[in-house]
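Start with the order of the elements, then move to the rings.

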Amino acid sequence: MSVTLHTTLGDLKVELFCEDTPRTAENFLALCASGYYDGCAFHRNIKGFMLQGGDPTGTGKGGKSIWGGKFPDELRDHLKHTNRGILSMANAG
């Protein structure tokens, strides 16, 4: 499944691995559908390395899941950051 993020600099199409990371994907899709990310800024940009966003407070310390709190990581050995454009969920833990 894929999702298109509409930004002020253009669209970003991202692929989700729903079968591998069901809770993470469900959380992201539900928050997208609810408008939770509308107007969120990318609050961290390290040129040539990474971009971080999705925190409505704009600090990188806010936000919550659809369950109201943290949920277990869904790390999978075959899902790696080996190419440009890989999307991950940040974890406060």
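From the N terminus on, the elements follow the order β-β-α-β-β. That makes one helix and four strands in the chain, where helices (H or I, at least four residues) and strands (E, at least two) are DSSP runs, numbered from the N terminus. The model is a predicted one: local features need pLDDT of at least 70, side-chain atom pairs count only at pLDDT 80 or more, and totals for chains, interfaces and linings use all residues. Residues are numbered from 1 along each chain as its sequence is written, and side-chain values use heavy atoms, with hydrogens and water left out.

The C-alpha atoms of the chain fill a box of roughly 30 × 30 × 25 Å, taken along the principal axes. The radius of gyration, taken over C-alpha atoms, is compared with a globule rule of 2.2 Å times the number of residues to the power 0.38. For 93 residues a compact globule would have a radius near 12 Å, and the chain has 13 Å, which agrees. Of the contacts in the chain with a separation of 6 or more, 38% are between residues 24 or more positions apart; contact here means heavy atoms within 4.5 Å.

Buried residues make up 15% of the 93 residues. Buried means under 20% relative accessible area, exposed over 50%, and partly exposed in between (1.4 Å probe, protein chains only). The chain exposes about 7300 Å², and carbon and sulfur atoms supply 52% of that area.

Now the rings. How many aromatic pairs does a search of the whole structure find? The search finds three. Rings of Phe, Tyr and Trp (its six-membered ring) pair if their centres lie within 6.5 Å; planes under 30 degrees apart count as stacked, over 60 as edge-to-face and the rest as tilted.

One of the pairs is formed by Phe28 and Tyr37, with 5.6 Å from centre to centre and 40° between the planes, and is tilted. Phe28 is buried at 16% relative accessible area, whereas Tyr37 is partly exposed at 23%. Phe28 and Tyr37 also belong to one aromatic cluster with Tyr36.

Why is the pair of Trp67 and Phe71 edge-to-face? The ring centres of Trp67 and Phe71 are 5.1 Å apart and the planes are at 70°, so the pair counts as edge-to-face. Phe71 is buried at 12% relative accessibility, while Trp67 is partly exposed at 36%. Arg23 lies over the face of Trp67, at 4.0 Å from the ring centre; a charge sits over a ring if NZ of Lys or CZ of Arg is within 6 Å of the ring centre and within 35 degrees of the ring normal.

How values were computed: Accessible areas come from the Shrake-Rupley method with a 1.4 Å probe; for residues, only the protein chains shown count as cover.
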